[in-house]
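This report describes a single protein chain, from its overall composition to individual residues. The structure is shown first.

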Amino acid sequence: MPTTNKEREIRIAQRRVEGFAQQFGEAHRNLARHAAFPLVLTPDLLYQIWANFVPEASWTAVAHVLLSRLCRQVGYEMYEMDIPDRNLLLRELKEQFGQERFDDLGEFLLDYVAQRLTDDDADTRDLREVQEWTALAYTKPDEAARELAEIISLRVKLEDVTEVFRLTPLIETFAEPLTEAGYEPLLVYTRGIGNFFHGNLKTAQTQLSKLNISDGQVKFAGVNLEIPTQILDLSRYPALPKNEIAQNVLGNDNTIVQGNNNLMVTIQELILGQQTTKPIGNPARPKNERILLASVKEEVTARLKQSLHNAVLINLGKQSQPQQVKRPWDAEIKIGLKPAEPLPNTTTILKVFDSEEIAGKLLILGAPGSGKTTTQLELAQELIKRAEEQPDYPVPVLFNLSSWKDDRQSITNWLLAELKSKYGVSTKLGKEWVENKQLLPLLDGLDELEPQRQEICVYAINQFLASENRAFYLVVCSRSEEYSNCITQLQLNGAIYLQPLSNSQIRDYLASVNYIEFWSTISNDLDLLDLVKTPLILSISVLAFGELSAQEWQHLNSTSDRLQYLLDAYITRVFTRNIQSRVYTRDNIPSLKQTRIWLICLARTLQEQSQTIFSSEEIQALSRLQKYWRGEMPWNYRRFLDYATERLILQRIGRQYMFIHKLLQDHFAQMSLPQD
C-alpha cells in the first residue's frame with residue numbers, strides 16, 4: 001500500500017526525535033517535549049521552561065534544542081518546530097505527564113507573555129496573540145476555537161486578504177487539539193477560505209461543501225461564518241487561475257499548501273514582517289549560490305559600515321563621501337624566499353590577489369589594529385562584485401577560525417559546519433560546493449585560537465590545501481607576531497604585511513577628516529604619536545579626543561597603561577555622546593555602570609571560550625553558569641547587544657555579534673567588576 005505524505009512526515013519526525021534523544025539523552029528529550037508547547041521559541045523562553053519544568057537537564061540542553069534539527073530559525077532569536085515533530089513531542093508529553101502538565105504550561109506561557117511581551121508595536125502584539133492562542137488551544141480548546149472563529153469571520157467580512165493569509169496556516173498548526181475537541185469544521189472552513197482567497201475556487205468549493213451550510217453561513221463555537229457567494233453558486237462565477245487580490249499580494253508563483261503548512265512562512269514573513277534573502281548576481285548562476293552571495297554581501301557591507309574608520313567619518317560629518325578619505329596604511333609584499341618589498345600605494349588588494357605570483361592564495365599579516373580584517377573585507381567586496389558578474393566564479397565566504405574547536409576536525413568538515421550554522425546551508429549542498437570548488441574561503445582569526453592550537457590549525461589548513469577538496473583560492477588573515485611563532489608555515493603563495501603609519505600619513509589623515517588640531521597635540525608627544533601608528537588606535541583617538549586629559553596622560557609610564565587609558569576614554573566617549581537609540585526609550589536605557597558590568601561579563605565569557613563571534617542565545621546559555629554574572633543579565637539580551645552596537649562597542653553580523661575589535665574585547669575582559 002502506498003505511503004501517504006502524512007505517514008512519511010510522521011516517520012521522519014520519529015527518526016529526528018529518536019536521533020536527538022540518542023545523541024543527547026532522555027533529559028534533553030524531555031526538554032524538547034516541553035519546548036514543543038509554545039508555537040514560537042526564544043532562548044529566554046526556553047531557558048524559563050528549562051528552569052521551571054526540566055531542571056534535571058543540563059544547562060546546555062537549551063542551546064542543544066534550539067540548534068538541533070528539531071528547531072528552525074524563523075526570525076531573529078525566534079525558532080519553530082516542524083508541525084509533525086511538534087505534534088509527536090506533544091503527544092509524548094501528554095502520555096508522560098497528562099493534561100495537567102499542559103494546563104501548567106498554558107498558565108506559565110500566559111504569565112510569561114503578559115510579563116515579557118509588553119511592547120505595543122504590531123510585531124509584538126501579533127506574537128503575543130499567537131502565544132496566547134497556543135496556550136488556549138491545548139488547555140481551553142473551546143475558548144480558543146471561539147476566538148479563532150471570531151477573528152477569521154471578521155477578516156473574511158472585511159476581505160482583509162493579508163490577515164486571512166496569516167491566519168489560515170496559523171490555525172492549521174492547532175489541528176490536533178482542535179480536532180480532538182470536536183472543532184474540525186473550523187479547520188475545514190479556514191482551509192476552504194484560504195483557497196478561495198488564493199483564487200482556487202473549485203478546491204475551495206469542494207472543501208466548504210463538506211460543512212453544514214445554512215443561509216449562506218456555517219455556525220460553530222457560537223460564531224456565524226460567511227460562505228462567499230462565489231462558492232455558493234460557482235456556476236455564476238467562472239473559476240480564475242488566481243484571485244486578482246491574491247495576485248496583488250503574493251504574486252503569480254504562490255499557492256496555498258494543504259494540510260500541515262510550513263509555519264515558517266507564517267511567522268517569518270507574516271508575523272515578523274521579515275523576508276528571506278533575495279538572490280543577487282548573474283541569473284546563470286544557480287539560485288542557492290546567488291542567495292549565499294547575497295548573504296555574504298550583506299555581511300561585508302554591514303561590517304565595513306560599522307568599522308571605526310567609517311565611524312570617524314560619520315561623526316565628523318563625512319558620511320556622504322567616505323570614499324574621499326583614503327585609508328592611510330602602507331604594506332609590504334613577500335613572495336616565497338624573496339625579501340619583502342614595499343607595495344606601491346596605488347596597488348589595490350585585489351591587484352595583489354590577482355597577481356601572477358599570488359594567484360589567489362594570500363596571507364594578510366599585521367599588528368593588532370593595523371587594518372588586516374578591513375583589508376580582507378575590502379578584498380571580499382571586490383570579489384563579490386566579480387562573482388555577481390561571472391556565474392562560474394567561486395562565491396567568496398567569510399569564516400572565523402576561532403570557531404574551529406576540535407583539533408581532529410578537518411577544515412573541510414569545519415567549513416561544512418560553519419556554512420550550516422552561519423548561512424543555513426545543508427551539509428549535502430555545502431559538501432557539493434566544496435567538492436566542486438564553488439567557494440572562495442576567506443579565513444580570519446587564526447591568532448584568536450589558543451596559542452598551542454594555532455600551529456595545529458596551520459597544519460590543518462595545509463592539509464586542506466593539499467586535499468582533493470582544496471579551493472582554487474584561499475585567503476588567511478592573522479596577527480604577525482602570533483603567526484611568526486608557528487614553526488609550520490601556511491602553503492600559500494605569498495603574504496602582505498600591513499605597516500605602521502608614518503608621521504606624514506597620520507598628519508595627512510587627520511587633515512583629510514578636518515582634525516588637524518589633534519595633530520598639533522600628538523606631534524609634540526612622542527609616546528602618543530607612537531601609540532596611534534595603527535589605524536585602529538588612530539580612529540579610537542580621534543573619537544575619544546575630547547575625553548583625553550594632558551595632565552593624566554603625563555602620569556602614565558608604560559605603553560600598556562597609555563593604551564588602556566585611550567580605550568577607557570573611547571568607552572566614556574561613545575556612551576556619553578548624544579544619540580537617538582532605536583532599541584531603548586530614553587527612560588529605560590541601562591546605566592553606564594550596568595552597561596559596563598554586562599560588557600565585562602560578556603568579554604570574560606568570550607575569553608574563556610576563546611571566541612570572538614557569538615549569537616545572543618550562545619552567550620545566554622553560557623552566562624547562566626558564570627558566577628561573576630551574579631544573575632545580573634538583561635532579560636532581552638538581543639536588545640542590549642543592539643544597544644552596544646549603536647554605541648560602537650559591538651558590531652552586528654546578521655544574527656551574530658562581535659566586539660568592534662579584539663583589543664576592545666580584551667580590554668573589557670581585563671576590567672574589574674565591583675567587589676571583584
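## Overall composition

Of the 676 residues in the protein, 54% are buried. The model is a predicted one. Its secondary structure comprises 33 helices and 14 strands. Among contacts with a separation of 6 or more, 71% join residues 24 or more positions apart.

In soluble globular proteins, nonpolar side chains tend to be buried together. The largest nonpolar core in this model has 81 residues, of which Leu 31, Leu 46, Leu 178 and Tyr 189 touch the most other members.

Beyond its neighbours within four places in sequence, Leu 31 contacts Leu 46, Ile 49, Trp 50, Val 54, Ala 61, Val 62 and Val 65.

## Packing of H2 and H3

Two packed helices are described by the angle between their axes and the distance between the axes. For helix H2 (residues 26-35) and helix H3 (residues 43-53), the axes cross at roughly 120° and come within 10 Å. H2 is therefore oblique to H3. Their crossing is right-handed.

On the H2 side, the contact is made by Leu 31, His 34 and Ala 35, and on the H3 side by Leu 46, Ile 49, Trp 50 and Phe 53. By class, the residues of this contact divide into 6 nonpolar, 1 polar and no charged. Leu 31 and Leu 46, which take part in this contact, are also named among the members of the largest nonpolar core that touch the most others.

## Packing of H29 and H30

Helix H29 (residues 559-576) and helix H30 (residues 592-608) pack with their axes 12 Å apart, at an angle of about 125°. Because angles of 65 to 115 degrees count as roughly perpendicular and those over 145 as roughly antiparallel, H29 and H30 are oblique to each other. The crossing of this pair is right-handed.

Ile 571, Thr 572 and Phe 575 are the H29 residues in the contact, and they meet Leu 592, Thr 595, Arg 596 and Leu 599 in H30. The contact of H29 with H30 has 4 nonpolar, 2 polar and 1 charged residues.

Tyr 570 also lies in helix H29. Its relative accessibility is 0%, so Tyr 570 counts as buried. Neighbours within four places in sequence aside, Tyr 570 is in contact with Leu 308, Ile 540, Leu 543, Ala 544, Leu 648, Ile 649 and Leu 664. The C-alpha atoms of Tyr 570 and Val 542 are separated by 9.0 Å, with the two residues 28 apart along the chain.

Gln 454 is placed in helix H22 (residues 451-466). Is this residue buried or exposed? Its relative accessible area is 5%, so Gln 454 is buried. Not counting residues up to four places away in sequence, Gln 454 touches Leu 446, Asp 447, Leu 449, Glu 482 and Cys 486.

Glu 482, one of these partners, belongs to helix H23 (residues 480-484). With the same exclusion of residues up to four places away, Glu 482 touches Asp 447 and Gln 454. Glu 482 and Gly 366 are 116 residues apart in sequence, and their C-alpha atoms are 10.0 Å apart in space.

Gln 409 is found in the loop between strand S8 (395-400) and helix H20 (411-423). With a relative accessible area of 22%, Gln 409 is partly exposed. From Gln 409 to Ala 460 the C-alpha distance is 8.4 Å, across 51 residues in sequence.

Ala 359 is not a glycine, yet its phi is positive, near 50°. Ala 359 sits in the loop between helix H18 (349-354) and strand S7 (361-366). At 36% relative accessibility, Ala 359 counts as partly exposed.

Ser 610 likewise has a positive phi, of about 50°, although it is not a glycine. Ser 610 lies in the loop between H30 and strand S12 (614-615). Its relative accessible area is 16%, and Ser 610 is therefore buried.

How values were computed:
Residues numbered from 1 in each chain as written. Predicted model: local features only at pLDDT ≥ 70, side-chain atom pairs only at ≥ 80, totals over all residues. Heavy atoms only, no water. Axes fitted to C-alpha atoms, helices over the stretch in contact; angles between N-to-C directions. Helix = DSSP H or I, 4+ residues; strand = E, 2+ residues; numbered from the N terminus. Parallel < 35°, antiparallel > 145°, perpendicular 65-115°, else oblique. Left-handed = near helix turned anticlockwise from the far one by under 90°. Contact = heavy atoms within 4.5 Å. Nonpolar A, V, L, I, M, F, W, Y, C, P; charged D, E, K, R; others polar. Core = buried A, V, L, I, M, F, W, Y, C linked by side-chain atoms within 4.5 Å. Buried < 20%, exposed > 50% of the residue type's maximum accessible area, 1.4 Å probe, protein only.
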